[in-house]
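The topics are set out as grouped points.

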Amino acid sequence: MAQCPKTILSLTAEEVLALKKGINFKKNQEEGKCYIIYKDDRGLRACRNQCKHQGGLFIKDIEDMDGQTVRCTKHYWKLNVSTMRYVNPPDSFEQDELDIIWVDGGIELVELNPPDPWLSDPKMTEELLPGEVTITYMTHACMELKFGGKTMFFDPWLIGPAFARGWWLLHKPPEDAFERLCRADAIYISHMHSDHLSYPTLKMLAAHQPDVPIYVGDTSRPVFWYLDKSGVQLTNINVVPFGVWRNIDEHLRFMIMMDGVHPEMDTCIIVQYKGHMILNTVDCTRPNGGRLPENVALMMSDFAGGASGFPMSFTGGRYTESWKAEFIRNERKKLLNYKAQLVKSLQPKIYCPFAGYFVEAHPSDRYLKETNMKNNPEELNSLINKLCPSTLTWTPKPGAVLDLGLAQKNPSDSSMAITDPPPGTQLYMDTWDFDLYVNNLNAANTEDIFKHDSWIQFYYSWAGFLDYNLVARVIETDEEFQPFPGGYDYLVDFLDLSFPKQRPEREHAYLEVRNRVGVIRHVVRNGLLWDDLYIGFQNRISREPDIYHHRFWNHFQTQLPTVGPDWDSFLQKVKMEESEEAGVNNCKLF
């Protein structure tokens, strides 16, 4: 049975506003099930109102002075809902947390069913021979995994930029990385972001091996939604249901699972060979809703941070350089601690931080390269070594190989299990083909559609976002985010999707977005998601008031139509209107 998310409790926007700080007890009146929602300045957390010991119901703990603890009515076990940890008895359990999905100011509590799909059809663990299972790090999130006679790749980004021109590879892939990719028996692509789904890489692959099996999760927005428009001719893409084992051969199988926070796009994977599990959580915020297998042979996850336009692309108000620097330090530290605690709770035999090796290499983005600090994998692994010394940590280098069998035989000594690239191997990129990719983006600047200012109404009508009290000023800029000579500068009122010359007099939220002209026109021309702008650091943003407009960004980053704007019909209509106007003017002359 395929795994699917189930909404178990819904609260309206008014009910969310009515939640008090601290503990809130809620009940699904239809099903009679009870839940706990905890509210503080950081947001909301939620869980079932059911003790893990013997299923008792929690009530308010009269001994709790901080408003954070509930007490089980059966055996008086106590749960701190702010941390989701049991405090009586201490060091016993952690409560399974429910995912919270925000919908127009209201929330939905969501859980996955079944919650632990990897437990279906269990396999006995067999001993691995030296060299039988090897994992080779290529670059960023790209790994080559060999299982006996089969080879699997994760997220091959081997050439070109990601997010338009904002991200470039930090590590230089091994010289034979592409040839090895062409020989793969299976390729897993976790999600549609271009540092994982790299069309430049896949274009090369399609030219040599178009029928290599590629596997993706059954996300609500298809991973390959842009394939036809891209011109990449891949012929063996397989969409896999969540939480179901997919066999490669008698010993090798994998299972794709969804993210609890972004189920519409993010996925993670478990690969199992002869009973040994490899867990790759990729970029998931809460992989599989936070329920993951323990004691896996190898766990790998992202670690770096810095993969967002916030706060680096924001200007005005509190967004001074000192505020940004302090925010980044705190956020990176929190992410580092979260990853270390996750590893501690899951106790994998081996852990590898990956999927964070990118750099803002373009000369125009020097400011970002110098200020958008990222976590150090060595620092994370050092912290993990203190928290769970039984876990072997691996900081990968391009071309480095981990022998899983040898690593498990002697986990205290990695010298035999990990083979680093030969001395003198170039590990870091030092040149990037900037002009090729930037010129490709800038080619959109001279498209005929941008000779007619009616493209603005046509595009935003296609985008389909309205009935939201937000006015956006969108400005086309040069490399330094100064107004582009002859570029467009316009207002969009998303309440009624009008395009006023001035901001309306009514009270409204205001957003000013300055976009590099080549990137915004490329995005508009091809009907792309705005991740290229936001995650790719290709805009600068200010806002009044300083609040995040989830509906707006979620729509333009994940909900745009999968079929792009029909610019041919737009141009035909424009030419027809111009012809009719010319005819009227000619009649006036006579």
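**Strand pairing and local contacts**

Strand β6 (residues 69-72) and strand β7 (residues 78-80) run antiparallel and are joined by three bridges. Strands here are DSSP runs (E, at least two residues), helices likewise (H or I, at least four residues), numbered from the N terminus, and two strands pair if DSSP finds at least two bridges between them. The model is predicted: local features need pLDDT of at least 70 and side-chain atom pairs count only at pLDDT 80 or more, whereas totals for chains, interfaces and linings use all residues. Residues are numbered from 1 along each chain as its sequence is written, and side-chain values use heavy atoms, with hydrogens and water left out.

**Five-stranded sheet**

- The open sheet of five strands has the order β5-β6-β7-β8-β9, with antiparallel pairing.
- β5 (58-60) and β9 (90-94) stand at its edges with a single partner strand each, so one side of each has no neighbour in the sheet.
- On average, neighbouring strands of this sheet are turned by 40 degrees against each other, direction ignored; the axes are lines fitted to C-alpha atoms, and angles run from 0 to 180 degrees between N-to-C directions.
- Within the pairing of β6 and β7, Thr69 stands opposite Asn80 in β7.

- Strand β16 (residues 186-188) pairs with strand β17 (residues 214-217) in the parallel sense over two bridges.
- Ile187 stands opposite Ile214 in β17.

**Thr201**

- Thr201 is located in helix α3 (residues 199-208).
- Thr201 is buried, at 1% relative accessibility; buried means under 20% relative accessible area, exposed over 50% and partly exposed in between (1.4 Å probe, protein chains only).
- A polar atom of the Thr201 side chain lies 3.0 Å from the backbone nitrogen of Leu158, and the side chain also reaches the backbone nitrogen of Ile159 at 3.4 Å.
- Leaving aside residues up to four places away in sequence, Thr201 touches Pro156, Trp157, Leu158, Ile159, Phe178 and Leu181, where contact means heavy atoms within 4.5 Å.

**Cysteines**

- The structure holds zero disulfides, a disulfide being a pair of cysteine sulfur atoms within 2.5 Å.
- Cys142 is in no disulfide, and the nearest cysteine sulfur, that of Cys182, is 12 Å away.
- Cys142 is buried, with a relative accessible area of 0%.
- The sulfur of Cys352 is too far for a bond, because the closest cysteine sulfur, in Cys142, is 12 Å away.
- Cys352 is buried, with a relative accessible area of 0%.

Terms used: Polar contact = N/O pair within 3.5 Å; in protein donor to acceptor, adjacent residues only side chain to side chain.
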